[in-house]
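Please keep the model open while reading. The text below goes from the ligand site to the spaces inside the protein and then to the backbone.

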Amino acid sequence: MSAVRLEHLTKTFPGGAAPAVDDVSLTIRDGEFLVLVGPSGCGKSTILRMIAGLEDTTFGDVVIDGQKVTDWAPKQRDIAMVFQNYALYPHMTVAENMGFALRLRRRPKPRIREQVEDTAHLLGLEEYLERKPKALSGGQRQRVAMGRALVRRPRVFLLDEPLSNLDAKLRVSMRAELARLHQRYRVTTVYVTHDQVEAMTLGDRIAVLNRGRLQQVGTPEELYLAPANRFVAGFMGSPSMNFATVVLHDGDPVTMSLDGAVFPFPDVLRRCPDLAGRFGEEIVLGLRPAAFSLAGPDSAAVVEAVPLGVEALGDEKHVLFEAPHGGGAATSGDPGDVPVAVDESSVSRLWTAKVQQHAGLAIGRPVRLALDLSAAYFFDAADGYAIPRREPEPVAAGVSGAGG
Ligand SMILES: Nc1ncnc2c1ncn2[C@@H]1O[C@H](COP(=O)(O)OP(=O)(O)OP(=O)(O)O)[C@@H](O)[C@H]1O
Ligand SMILES: [Mg+2]
């Protein structure tokens, strides 16, 4: 069992203008399952490869159990890695594939057999030990690849999108299996994915990366409820958070203007005291799709939407519509100017509302959507950093909120 510390880890590839990994400092605790998540090309695999020793660092250090290993060869580090495109040896049986690393280390044969059988048992692979990989399903092959890495009981286990080759259903069951495996062994694990659902369900903690820079590290709940910036807010949660540029005005009550409409916003300062210093200034409002509902006669904040798309998902529907003017909260035109704390992909002209199943929803038919402003997030319009907000007081169990 081991803790891994990354200290100012930086990687610039020859010819690369911006660093692929930019001053990343992070501690992965002993026995922790940490998920490294971020869009394609943000530096996830490069970080794993530097931890494993497969890639030199340009600057900074990798420290395992208090020992600086930055200059150690990969095999001295006692780390196992399962790659994005794992490959099994086709001419070897499952048992031989799994025992390969131990044979290289010249362990005694009975010992190898024992460790292979142990691991195969844990992964439900006992009955396949004498088969060749081509006689296995995708999920079984994936289990063998993990078994091969785990069999030598490494200090640290690195997984780079190990489930990306599997179909959706198999991914879900392998996810559960991975979680169980980790419960059992408690090997310090770093798991890379670009899939935020995978990150939310697997990680003890999640580290979010964008363009080589660490954005935030926290539990899945912390990242969802208290994103540090617009990038994290837009990345965690599906469908993504909706953004718009708004202005708050002092008064009783405080009001918010969005696309020419003015909404009362009575309790906004209680939720976000810092907003008192920003009246009259453009700020970015963030609303998750679940903060919308079909408006009733008494709804305080309503937007008129013409659905451009309606996606029926069982008992809820996703309604896509053109964002109110100021939606998308676009930064300046050049994508190179977008701050790292802003998710370029979220600078969208479309908003998504998640509403309960409703027969009247149809493409092109106008609908009135109520905004639950108590669920609003706010961000600085220039740099994308979150303006802190307080979570609502939890409602005591068994006590009805009505009439209070
Ligand atoms: N050997 C290399 N030489 C030059 N540039 C590289 C090299 N390896 C990676 N890069 C660049 O470094 C950046 C980070 O790459 P990396 O593979 O770490 O991304 P990633 O987050 O794993 O992406 P994905 O989700 O697509 O696997 C990318 O811009 C990539 O093009
Ligand atoms: Mg990668």
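**Ligand, cavities and backbone**

A polar side-chain atom of Glu161 lies 3.4 Å from an oxygen atom of ligand 1, a polar contact in the sense of a pair of N or O atoms within 3.5 Å (within protein, one must be able to donate a hydrogen and the other to accept it, and residues adjacent in sequence count only if both atoms are side-chain atoms). This is a predicted model, in which local features need pLDDT of at least 70 and side-chain atom pairs count only at pLDDT 80 or more, while totals for chains, interfaces and linings use all residues; side-chain values use heavy atoms, with hydrogens and water left out. Residues are numbered from 1 along each chain as its sequence is written, and chains are lettered from A and ligands numbered from 1 in the order in which they are written.

Two further side chains make such contacts with the ligand. In Ser45, a side-chain N or O atom is 2.8 Å from an oxygen atom of ligand 1. For Thr46 the corresponding distance to an oxygen atom of ligand 1 is 2.5 Å. There are 12 residues around ligand 1, and Ser40, Gly41, Lys44, Ser45 and Thr46 come nearest; a residue is taken as near when one of its heavy atoms lies within 4 Å of the molecule.

Helices (H or I, at least four residues) and strands (E, at least two) are DSSP runs, numbered from the N terminus. Buried means under 20% relative accessible area, exposed over 50%, and partly exposed in between, with a 1.4 Å probe and protein chains only. The buried residues of α1 are Lys44, Thr46, Ile47, Leu48, Met50, Ile51 and Ala52. Just after the helix, Gly53 has a positive phi of about 90°.

Cys42 has 1% relative accessibility and therefore counts as buried. Cys272 is also buried, because its relative accessibility is 2%. The structure holds 0 disulfides, a disulfide being a pair of cysteine sulfur atoms within 2.5 Å.

Cavities and pockets are found on a 1 Å grid over the protein atoms alone: a cavity is a set of points where a 1.4 Å probe fits but cannot get out, a pocket is an open set with protein on both sides within 12 Å along at least five of seven lines, and lining residues have an atom within 4 Å of a point. Grid points are joined across faces, edges and corners, and a volume is the space filled by probe spheres set on the points. The count is 2 cavities of 30 Å³ or more.

The largest cavity holds about 60 Å³ of space. Its lining consists of Phe33, Leu150, Phe157, Leu178, Leu181, His182, Tyr185, Val187 and Thr189. Helix α5 (residues 168-185) gives the most to this lining, with 4 residues. By class there are 7 nonpolar, 2 polar and no charged residues, where Ala, Val, Leu, Ile, Met, Phe, Trp, Tyr, Cys and Pro count as nonpolar, Asp, Glu, Lys and Arg as charged, and the others, Gly among them, as polar.

The second largest cavity has a volume of about 50 Å³.

The largest pocket has a volume of about 620 Å³. It is lined by 22 residues, of which Ile79, Ala80, Met81, Phe83 and Arg152 lie nearest its centre. Strand β6 supplies the largest share, 4 residues. The lining of this pocket has 16 nonpolar, 1 polar and 5 charged residues.

Some backbone features remain. Which peptide bonds are cis? One joins Ser238 and Pro239, with omega about -5°, and Pro239 is in the loop between α8 (230-235) and β11 (242-249). Another runs from Asp252 to Pro253, with omega near 5°, and Pro253 lies in the loop between β11 and β12 (255-258).

Arg211 has a positive phi near 45° although it is not glycine. Arg211 is in the loop between β9 (205-210) and β10 (213-218), and at 33% relative accessibility it counts as partly exposed. Asp259, likewise a residue other than glycine, has a positive phi near 55°. Asp259 lies in the loop between β12 and β13 (261-264) and is partly exposed, with a relative accessible area of 41%.
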